[in-house]
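Here are my notes on the model, point by point. Please read them with the structure open.

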Amino acid sequence: MIGMTVIMVIMIRFLSGAAVDYEIKRELRKSIDANRYHISTRGGELRISDTFRFQDENIRYVVIRRGKKIMAGEYPKEAEGDLRKILVRNKLTRCVVCNGEKYYIRDVRIGRVRSQIKGKTKYKGVFVRGILKKSDADSFYYKIEMISYISLVGILCVILAFEFVFSKRISKELKDMCHTAESIGSSLDMSQRMKCDHQYREIAVLANANNRMLDRLEQTFQLQEQFTSDVAHELRTPVAVVMAQCEYAEKNGSEEEYREVLDVVYRQSKRINNLITQLLKFSRLDQGRVQMQDEMLDLTEIVQSICEEQQEKAQDTVCIRLNLKDAVSTGDISLIAIVIQNLVENAVKFSRPQGEVEVETGEAENEVFVKVTDHGIGILPENMQKIFRRFYKCDKSRNAEGFGLGLALSMKIVEKHEGRLGVESTYGSGSVFTLYLPKR
């Protein structure tokens with residue numbers, strides 16, 4: 001505020017000086033132009049009307065002939081000698097210093113008069129010279145300058161008053177927001193939100209931005225809690241089975257029962273290992289620690305290899321039909337293979353007995369695609385946005401052996417490849433999952 005005041009004072013001082021100088025010159029020019037019409041030089045003789053003013057307030061008028069000779073009027077006594085020496089300049093306003101005082105002078109040509117010089121008639125120009133002492137004009141303009149300073153002080157006082165009032169209101173809202181933030185930090189209650197009365201747009205924008213951040217943080221914490229709960233649930237079942245089998249083997253120690261127990265322990269350990277492996281893949285993808293290979297992806301070849309393997313596992317329960325056309329892109333073969341395998345496995349898993357799964361590859365504009373269609377149970381509309389969440393299972397009864405990580409992991413891999421994963425489904429009729437990758 002102090003700096004702004006100093007700048008405004010300097011500007012007023014500078015601008016007022018320039019304005020005063022301009023205004024004095026303008027006033028001098030107007031006065032001479034108005035007074036000159038009361039004097040003429042018809043027939044080469046000077047004629048001065050009775051209405052001609054030799055002094056108008058602070059301005060004096062002198063009629064002079066070229067060569068500095070005064071024909072009418074008189075200079076100010078205190079500067080007469082210096083003013084007589086000043087050469088005539090038609091329609092030029094000048095500021096000169098005489099005896100330490102500043103004078104504004106302007107000459108305006110009226111015409112010519114005859115004069116006898118050594119027996120010869122000659123014509124010389126006649127001018128009206130206006131003279132204005134700067135100190136005489138300063139008193140009026142000094143009042144204007146003082147009014148400007150007083151107005152500045154008044155404006156600053158009003159600004160300070162408004163600033164005091166507004167700062168109290170703004171500081172109150174900011175203090176309330178800080179109190180809410182401290183309360184959230186100490187209680188970890190993410191349901192609290194920052195409040196404002198929306199009187200000030202900037203404060204409202206800040207509060208809304210913080211509330212959006214808190215919404216995301218609350219959602220993140222909820223997802224983290226859900227994630228922890230889901231991991232614990234998925235691990236608890238196989239661990240409980242392993243412990244139960246070990247206790248059973250300890251009580252009933254026959255060789256055959258030991259072998260059965262070892263088989264169960266192996267299968268459950270493999271299940272736990274698969275879960276940990278998928279979680280590690282998620283973690284590495286999230287943290288960018290996966291070194292993705294930039295390889296040529298022949299999607300036709302990858303799809304054919306995966307579908308042959310899945311057909312062997314499914315045997316005669318599901319028939320996989322292929323419609324393969326050229327589809328080439330670039331990326332990490334092992335990661336894209338995981339996506340395609342998840343899509344085909346889900347299609348086989350959720351197909352009806354003796355059903356069909358159709359797998360198609362091809363190109364569409366600037367993309368290549370892998371489309372997997374099943375005619376199984378489909379997905380409810382309210383579950384369409386949930387299927388890409390971690391540990392989410394649409395039909396837990398039919399998908400007991402899965403973890404609900406396949407589609408979530410697939411979406412993460414596709415995003416890393418700058419692609420997209422589309423899904424269409426009609427409940428009771430089947431689903432269509434389509435992997436799109438840039439054509440490269």
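1. H7 and H8 cross in a left-handed sense; a crossing is left-handed if the near helix is turned anticlockwise from the far one by less than a right angle, and right-handed if clockwise. H7 covers residues 333-349 and H8 covers residues 406-416. The two pack at an angle of about 145°, with axes 9 Å apart. Axes are lines fitted to C-alpha atoms, for helices over the stretch in contact, and angles run from 0 to 180 degrees between N-to-C directions.

2. A word on provenance. This is a predicted model: local features need pLDDT of at least 70, side-chain atom pairs count only at pLDDT 80 or more, and totals for chains, interfaces and linings use all residues. Residues are numbered from 1 along each chain as its sequence is written, and side-chain values use heavy atoms, with hydrogens and water left out.

3. Which residues of H7 and H8 meet? H7 brings Leu-335, Ile-336, Ile-338, Val-339, Asn-342, Leu-343 and Asn-346. H8 answers with Gly-406, Leu-407, Leu-409, Ser-410, Ile-413 and Val-414. Contact means heavy atoms within 4.5 Å. The residues of this contact divide into nine nonpolar, four polar and no charged.

4. Now the aromatic residues. Phe-52, Phe-54 and Tyr-61 form one aromatic cluster. Rings pair if their centres lie within 6.5 Å; planes under 30 degrees apart count as stacked, over 60 as edge-to-face and the rest as tilted. The count comes to two aromatic pairs. Phe-52 and Phe-54 are edge-to-face because their planes stand at 80°, with ring centres 4.9 Å apart. Phe-52 and Tyr-61 are also edge-to-face, at 6.3 Å centre to centre and 65° between the planes.

5. Phe-54 is partly exposed at 34%. The cut-offs: buried is under 20% relative accessible area, exposed over 50%, partly exposed in between (1.4 Å probe, protein chains only).

6. Last, the whole chain. The protein chain holds eight helices and 15 strands; helices (H or I, at least four residues) and strands (E, at least two) are DSSP runs, numbered from the N terminus. Of its 440 residues, 35% count as buried. Among contacts between residues at least 6 apart in sequence, 63% join residues at least 24 apart.

How values were computed:
Ala, Val, Leu, Ile, Met, Phe, Trp, Tyr, Cys and Pro count as nonpolar, Asp, Glu, Lys and Arg as charged, and the others, Gly among them, as polar. Rings of Phe, Tyr and Trp (its six-membered ring) pair if their centres lie within 6.5 Å; planes under 30 degrees apart count as stacked, over 60 as edge-to-face and the rest as tilted.
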